[in-house]
Amino acid sequence: MAKTMTKETLPIERISPADEAAILALNNEHAAELSWLEPDRLSYLLGQAFYTRRIGALEAFIMTFDQDARYDSPNFLWFRQRYPRFVYVDRVVVAAEARGRGHARRLYEDLFEQARRAGHTIVTCEVNADPPNPASDAFHAALGFTEVGDAVIHGGKKSVRYWAKPITA
């Protein structure tokens, strides 16, 4: 039986410049899992992104890049060295008070559809191995991602596992 999220499911909407302050705040609340962003860096990344969406005023957001992005993340570059064409999920954040409502799953499902429409056949991401993130591991495995590699980054301060999910046209 499906879990009731709310009386009405909030729409998935494109991120606009007016959303940037709220996105920055939510991102930086989760800087340990993601990475800290300054306002200029966020604006730049949103301009490079393949797909960015939010749910509600800002219950959740997702930011992704395709292979053509000008982005220097070591995780993004790992995928670029291995896949000629891909969509990389850089960050997905759900506000603490909005967890358990299916927001992350809905954002991923919408991303898969947008990626298919753009002719992509693979969606990629990374999950922290150290510090560990077992909830994210389980979530990505349930969505059909499989582990395709790992790395130690940021001068040994962080280790990550790389995941990929094939999507069909």
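Gly149 stands opposite Tyr162 in strand β7, and this pair belongs to a region where β6 and β7 run antiparallel and are joined by seven bridges. The model is predicted, so to speak of local features a pLDDT of at least 70 is needed, side-chain atom pairs count only at pLDDT 80 or more, and totals for chains, interfaces and linings use all residues. Residues are numbered from 1 along each chain as its sequence is written, and side-chain values use heavy atoms, with hydrogens and water left out.

**The sheet**

Seven strands form an open sheet with mixed pairing, in the order β1-β2-β3-β4-β5-β7-β6. The edge strands, β1 and β6, each pair on one side only, and from one strand to the next the twist averages 30°. Strands (E, at least two residues) and helices (H or I, at least four residues) are DSSP runs numbered from the N terminus, and two strands pair if DSSP finds at least two bridges between them.

| Strands | Bridges | Residues standing opposite |
|---|---|---|
| β1 and β2 | three bridges | Arg14 and Arg53 |
| β5 and β7 | eight bridges | Val127 and Arg161 |
| β6 and β7 | seven bridges | Gly149 and Tyr162 |

In the hairpin of β6 and β7, four residues lie between the strands, and His154 takes a positive phi near 55°. Strand β7 (residues 158-166) is mostly covered, since eight of its nine residues are buried, where buried means under 20% relative accessible area, exposed over 50%, and partly exposed in between, with a 1.4 Å probe and protein chains only.

**A residue in β5**

Thr124 lies in strand β5, which spans residues 122-130, and Thr124 is buried, with a relative accessible area of 0%. Leaving aside residues up to four places away in sequence, Thr124 touches several residues, among them Phe79, Phe86, Tyr88, Phe145 and Trp163; contact means heavy atoms within 4.5 Å.

**The largest pocket**

The largest pocket has a volume of about 1,000 Å³, and of the 43 residues that line it, the closest to its centre are Glu33, Leu34, Val92, Asn133 and Ser136. A pocket is an open set of points on a 1 Å grid over the protein atoms alone, where a 1.4 Å probe fits, with protein on both sides within 12 Å along at least five of seven lines, and lining residues have an atom within 4 Å of a point. The volume is the space filled by probe spheres set on the points, which are joined across faces, edges and corners. Strand β4 gives the most to the lining of the largest pocket, with seven residues.

Definitions and conventions: Axes are lines fitted to C-alpha atoms, for helices over the stretch in contact, and angles run from 0 to 180 degrees between N-to-C directions.
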